[in-house]
Amino acid sequence: SLLMTPPSSSLKMMMRSRSFLYSRSRSRSFRLQVTSPRRTGRWLDSSSFPETETETGFFSPSPAEFDDVTGVAASSETETEILKRASTFATDEKHNENVLETESSSSSSSSKMCLPRHVAVIMDGNARWARRRRVPTLEGHRRGRDALRRLVERCAEEREIHALTAFAFSDDNFRKRPVHEVDALFRLMEASLREERPRMLRNGVQIAFAGDIDALPASLAMLCREVEAEAEAHAAASSTPSRLLLTLAMNYGARQDIVDAARRLVDMAQRGELAADDVDESLFRSALGTSKATRHAGDPDLLVRTSGEQRMSNFLLFESAYTELFFSDVEWPAFDDVCFDKALHAFSTRTRRFGGRNDDKHETRE
């Protein structure tokens, strides 16, 4: 039902809560949608409400786009019930804000720090971010895409950072996630690649891919090959080197990549192109799917994982033998420059020994 009463202080408070979705009409009025785990929500006619500082045009999907996080059934509620639920949702909203405030207090300017040449990132927490806000999982992936765009732009600005490798989609995700979610994510990836393609070229960002691209949907796989070939041709024809090599790991798993590299070397040996004594770490690294990034900037110096998880999740297992690890509690869609500054600061304070000791004065075997 519609509420036509003048705005009360309680409803104004509800309007300021980011746990509610709204969309503005052409008449500069807006509607308020209340969501819960059991319903897509109902619209409250708020055309008489004053505009507030919280009007950000937040994503407002159609009911058909909602997944099982929000449900599909609408229901009537009293204003008291709505406000009680709003208070509960607002508590969840403070999670990332508190984490961001903590990380901001310990961040430092990157201009005075020793920066990594190669950064890797496990972009975790899109679905959790969406659940906290009672929006579809796909919206979390959209906001995750925006977070990656911010990080790419930031890395391209830092002269010391030459490569960024991002875990976009794992082979385990491909096999184990719901089909409808995977298909929607593939469509989002394809649309994002088409949109970002010219911008990347203009900004000096070269795109490469790692993983079993051929197993992706045909249109997405073809687009990945086209984008990679175009980026290589543009880099070869340009008089200035690329500012950043962005490698997107899609349908990727480190164990499978290691197995595939071994098979390539075995095939070369069977053709008589390779002897057993020729195989060393350098040759094996060149056979991996991430070889373009490691040739460009070496193995990852810093690996960042978001959303509080502290594991590698089958990402860059061979390449990360001496990589510095940084774990952030912030969910990936909320990861911003402040969070990245803290990761860079943590990296700059660490002593990288690579198996040795800084005070070693004796002769070594190398």
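Which element gives the largest share of the lining of the largest pocket? I found that H6 does, with eight residues.

**Ground rules.** I am working with a predicted model, where local features need pLDDT of at least 70, side-chain atom pairs count only at pLDDT 80 or more, and totals for chains, interfaces and linings use all residues. Residues are numbered from 1 along each chain as its sequence is written, and side-chain values use heavy atoms, with hydrogens and water left out.

**Pocket.** I looked up the volume of the largest pocket and got about 960 Å³. Of its 40 lining residues, Met123, Asn126, Phe167, Ala168 and Phe169 are the closest to the centre. Elements giving two or more residues to this lining include helix H3 (126–132), strand S5 (163–170) and helix H6 (179–202). I sorted the lining into 18 nonpolar, ten polar and twelve charged residues. (Ala, Val, Leu, Ile, Met, Phe, Trp, Tyr, Cys and Pro count as nonpolar, Asp, Glu, Lys and Arg as charged, and the others, Gly among them, as polar.)

For the record, a pocket is an open set of points on a 1 Å grid over the protein atoms alone where a 1.4 Å probe fits, with protein on both sides within 12 Å along at least five of seven lines; lining residues have an atom within 4 Å of a point. The volume is the space filled by probe spheres set on the points, which are joined across faces, edges and corners.

**Fold.** I have eleven helices and nine strands on my list; these are DSSP runs numbered from the N terminus, helices being H or I with at least four residues and strands E with at least two. Of the 366 residues, 47% count as buried (under 20% relative accessible area, with exposed over 50% and partly exposed in between; 1.4 Å probe, protein chains only).

**Aromatics.** I searched the whole structure and got nine aromatic pairs (ring centres of Phe, Tyr or Trp, the last by its six-membered ring, within 6.5 Å; planes under 30 degrees apart are stacked, over 60 edge-to-face, the rest tilted). Phenylalanine 174 and phenylalanine 186 have ring centres 5.5 Å apart and planes at 80 degrees, so I logged the pair as edge-to-face. Phenylalanine 174 lies in helix H5 and phenylalanine 186 in helix H6, so the pair ties together parts twelve residues apart in sequence. Phenylalanine 174 is partly exposed at 29%, whereas phenylalanine 186 is buried at 5%. I also noted one aromatic cluster formed by Phe167, Tyr252 and Phe315.
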